Amino acid sequence: MKEGKIAKVSGPLVVAEGLENAKMYDLVKVGKEKLMGEIIELRGNTASIQVYEETEGLGPGDPVENTGEPLSVELGPGLLQSIYDGIQRPLEVLMEKAGDFLHRGIEAPGISRERKWPFKATASKGDKVVEGDILGTVQETTIIEHKIMVPPGVSGTLTDIKSGDFTVEDTIALVKSDDGKEHKLNMIQRWPVRKARPYKEKLPPKAPLITGQRVVDTFFPIAQGGTACVPGPFGSGKTVIQHQFARWSDAQIIIFIGCGERGNEMTEVLIDFPELIDPYTGEPLMKRTVLIANTSNMPVAAREASVYTGITIAEYFRDMGYSVALQADSTSRWAEAMREISGRLEEMPGEEGFPAYLGTRLASFYERAGKIKCLGSDDREGAVTVIGSVSPPGGDLSEPVVQNTLRVVKVFWGLVDWLAYQRHFPAIDWLISYSLYLDMIKQYWRKEVDPEFEELHDEAMAILQRESELKEIVRLIGVDALSTNERLVMEAAKSVREDFLQQHAYHPDDTFTSLKKQYLLLKLVLTFHHKAIEAVKRGVELKVILDAPVREKIAKAKYIPEEKLEEFNQIENEISEQLKAPSRVGEAAGAAQSSGGGE
Ligand code: ADP
Ligand code: MG
């Protein structure tokens, strides 16, 4: 055994000497309790190790053992419905073994070795197989079929394969490679977390990840395989919106990495998540979810590792051909872990004490997102979409974690406290947010929703921008300085904000909106605006327009259930009627005016 000894302990960091042949990122077992750690700096025979557990009680002279292997995750049936810590130890098992308080040095496999899974072979003896080919399936939960794949690096002829009930370590197939070597395949793969899993080809994103959140889907959409950042101050709604994405987005698999913000927040996640119901199947959402929980009493190093554990699991489901959404809430806790460890290593600090490599680390994490052609001969495609929230102190967007994240992600949803104070939720500021996928997604709308959707989007956006200019005028000179048409723009903007953008996460008919309904709702809001402009031209008084009873119905249209979308038509008819009728009353005045200004 390549054993070394502890020279120094500094919080989560241990310096060891005498570890021969150690490599960067080797996994080591520290002390008599064999606490897990990872080598993160090497100088000759001296290794700096980040330890994933409390280092209390460790001291100079204690043994350090190198496993010679990098930190890896176990991949196979049993991942779904699991709740893991940052290094893939099942929390449930940890709790059972140690009681409520996490004890140190507990080894618990990420995937059960005892449980038997019904494996159904789909490949047959004699088949030529390559890495990534699907050998068969396991119905892992009632809603997800786990594909058992030939692991990366293996190819050849299938000399045996059998269906039946197996544990993940039982041999299910034999592959003889061209050089005559025989590979025994089972249902478990190990993969080093810091290394991206291989794929054939990265593809340009071509469809939105539909989230059912109107401000996201219609205004700042994200692509399947895309990246997004949700920064916002404390209490602005980061966690609520991340939960909304987990529940409602049309990704098939959810990987949720929670990094406890406040003391009890992770407990909330641990209680809330298992109670969430998957709206698409009526089953518990956990049946297609893997939850990685960093409670605040877990050491920083485990938090640092958790995002890598999460993305590796995401890539594995992607490789099966699934669309996976990975959400990290909040990545600031990850960055802070990096900062703490870097400080202990006495590295030269960068901005605000974060390490100089903060940007590179963030980039290499988000770069593991994407739409890809999977390994294997069947040309299947998979996607990992990554959404990270950031909680900069005081909501300051110029802070390094936000800035470095914005450099790599393609969508920015800026949550702001002034909207949250007004109870405008989601508190996404439409004037600062953006999506670089918009052009691509507009093509999708044209084909899949309605050719008009794009125009409605552009017009609504323009109205909101115009509103902010007009507000400035009102602030300086007063509302009387506005023309009637400008007043109508202000009203339209208010309607876009209140009747369309505001969306109640806890209202059963408002919490999710299909793209079709988003289109109809925005159309309704803008139809009123268009008819109002026409009505003014015809001489209808502004007051009549503003008091039109149909406005009440427009305000409530967001609550129209998905099965009753025909109601939108009726409201549209009412708009025409109510804005038309009064014009006859004022016909004379209206006619005089419009002939003056018209043809
Ligand atoms: P953060 O994670 O940014 O600190 P939270 O996500 O915990 O903030 O949100 C704080 C509060 O804001 C929530 O408890 C909830 O009351 C309210 N909230 C946020 N988003 C919504 C929403 N879409 N609908 C209704 N309430 C919301
Ligand atoms: Mg939060």
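Reply: Ile473, Leu476 and Ile477 make a nonpolar surface patch of about 310 Å². Patch residues have over 30% relative accessible area and no salt bridge; nonpolar side chains (Val, Leu, Ile, Met, Phe, Trp, Tyr) are joined within 5 Å, like charges within 9 Å. A salt bridge is a side-chain nitrogen of Lys or Arg within 4 Å of a carboxyl oxygen of Asp or Glu. Areas come from the Shrake-Rupley method with a 1.4 Å probe, and for residues only the protein chains shown count as cover.

The model is predicted: local features need pLDDT of at least 70, side-chain atom pairs count only at pLDDT 80 or more, and totals for chains, interfaces and linings use all residues. Residues are numbered from 1 along each chain as its sequence is written, chains are lettered from A and ligands numbered from 1 in the order written, and side-chain values use heavy atoms, without hydrogens and water.

Ile477 belongs to helix H11, residues 453-477. Helices are DSSP runs (H or I, at least four residues), as are strands (E, at least two), numbered from the N terminus. Ile477 counts as exposed because its relative accessibility is 64%. The cut-offs are under 20% relative accessible area for buried, over 50% for exposed, and partly exposed in between (1.4 Å probe, protein chains only).

Now the whole chain. Of its 599 residues, 55% are buried. The protein chain holds 17 helices and 26 strands. Its C-alpha trace spans about 100 × 55 × 40 Å along the principal axes.
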